[in-house]
Amino acid sequence: MRIYCATRFLFPRHYALRIFLLCFVSVHLPILAYGGTMVWLGEWSWPVFLPLLAATVLGTGIAIVGMAGLLQPLRIATEQLSRIQRGETVQRVPQGGPDMAGKLLAAVAQAAASVEQRIANFKDIADTDLLTGLYNRRGLENAVGKSLKLMNEPGAVALLDGDWFKEVNDMLGHDAGDDALRGIAKIVSENVRGQDVVGRWGGDEFVVFFPGLPVEDAQRILVRIQAALLRRPVAVVDGRALTCSFGVARIEGAQPDALGDALKRADAKLYAMKGSRRAA
């Protein structure tokens, strides 16, 4: 570090220029020594000086090109580390050899992969409901928004709400309520298609997005979910299995409020179903 610190006054913002300058001076030392000696001796020989000058200029050019190439790994590593600091995606880091430059590139590639994995993990955590493992509201909105942009045909969105869920918490306790929510999430996930998007909207409300599926077909899947909850009760209060009511509405377009508008219509149908079931 002593030489590095001692030469910082030379091009303090340009490390490569500092190396090139030192290389230039070093390459020209022989011709400077020759010229000084000839002047001191009072002799001068152009036939000797000119070839020596040409060789020095050629050597300087070769040294500059070579040093530029040898410094390329350092430049790439610096650029990629700067991208990591800015939170940007790191481009592919070339593979080096077993020397110091190669080890530096390998370390940068490893650091970039580690940071990208941590960012991906943080995004997953931010979009995931920790209780059920499904999307949370934020993750659901992001996933549905992306799907709507790619979808060329209408789909359906459903809002599900547990029936008598308050009684489960009041009579069996919140731990039983949490188990019931996990059970509902599992049954819903098992009965939808692979491309459908499932998330916990909040409390005991769940949202299912059916891309490209008509409302009538989505309703059949939701009825199947209701039947599965009766066959495999996730909680039982006073001999009554916890079930769910639902509302489903058509959704299309990639407008920012498309999901919200569809859920409002689904919510109205949900409470109409709840009212009819309570009356029964």
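In what order do the four strands of the open sheet stand? The order is S2-S3-S1-S6, and the pairing is antiparallel. Strands (E, at least two residues) and helices (H or I, at least four) are DSSP runs numbered from the N terminus, and two strands pair if DSSP finds at least two bridges between them. The model is a predicted one, in which local features need pLDDT of at least 70 and side-chain atom pairs count only at pLDDT 80 or more, while totals for chains, interfaces and linings use all residues. Residues are numbered from 1 along each chain as its sequence is written, and side-chain values use heavy atoms, with hydrogens and water left out.

Strand S2 (197-202) and S6 form the edges of the sheet; each has a single partner strand, so one side of each lacks a neighbour in the sheet. Neighbouring strands are turned against each other by 20 degrees on average, direction ignored. S1 and S3 are joined in the antiparallel sense by six bridges, and Ala-156 has Phe-210 in S3 as its bridge partner. S2 and S3 pair, also in the antiparallel sense, over five bridges, with Val-197 opposite Phe-209 in S3. The hairpin of S2 and S3 has two residues between the strands, and Gly-203 there takes a positive phi near 60 degrees. Five of the six residues of S2 are buried, so this strand is largely enclosed by the rest of the structure. Buried means under 20% relative accessible area, exposed over 50%, and partly exposed in between (1.4 Å probe, protein chains only).

H7 touches S1, S2 and S3, and its direction makes about 10 degrees with that of S3. H8 touches S1, S3 and S6, and its direction makes about 165 degrees with that of S6. Contact here means heavy atoms within 4.5 Å. Axes are lines fitted to C-alpha atoms, for helices over the stretch in contact, and angles run from 0 to 180 degrees between N-to-C directions.

How do H7 and H8 meet each other? Their axes come within 9 Å and cross at roughly 135 degrees. The two helices are therefore oblique to each other; angles under 35 degrees count as roughly parallel, over 145 as roughly antiparallel, 65 to 115 as roughly perpendicular and the rest as oblique. From H7, Ile-184, Ile-187, Val-188 and Asn-191 meet Ile-221, Arg-224, Ile-225, Ala-228 and Leu-229 of H8. Asn-191 counts as buried, at 13% relative accessibility.

The largest nonpolar core has 32 residues, and Leu-160, Val-188, Val-192, Phe-210, Leu-222, Ile-225 and Leu-242 have the most contacts inside it. Such a core is a set of buried Ala, Val, Leu, Ile, Met, Phe, Trp, Tyr and Cys residues joined through side-chain atoms within 4.5 Å. Elements giving two or more residues to this core include strand S1 (155-162), helix H7 (174-191) and helix H8 (215-231). H8 supplies the largest share, seven residues. Beyond four places in sequence, Val-188 touches Leu-160, Val-198, Val-208 and Ile-225. Another core, of 19 residues, lies apart from the largest one, and Val-144, Leu-148, Trp-201 and Ala-258 are among its members.

Pro-233 lies in the loop between H8 and strand S4 (236-237). Pro-233 is partly exposed, with a relative accessible area of 40%.
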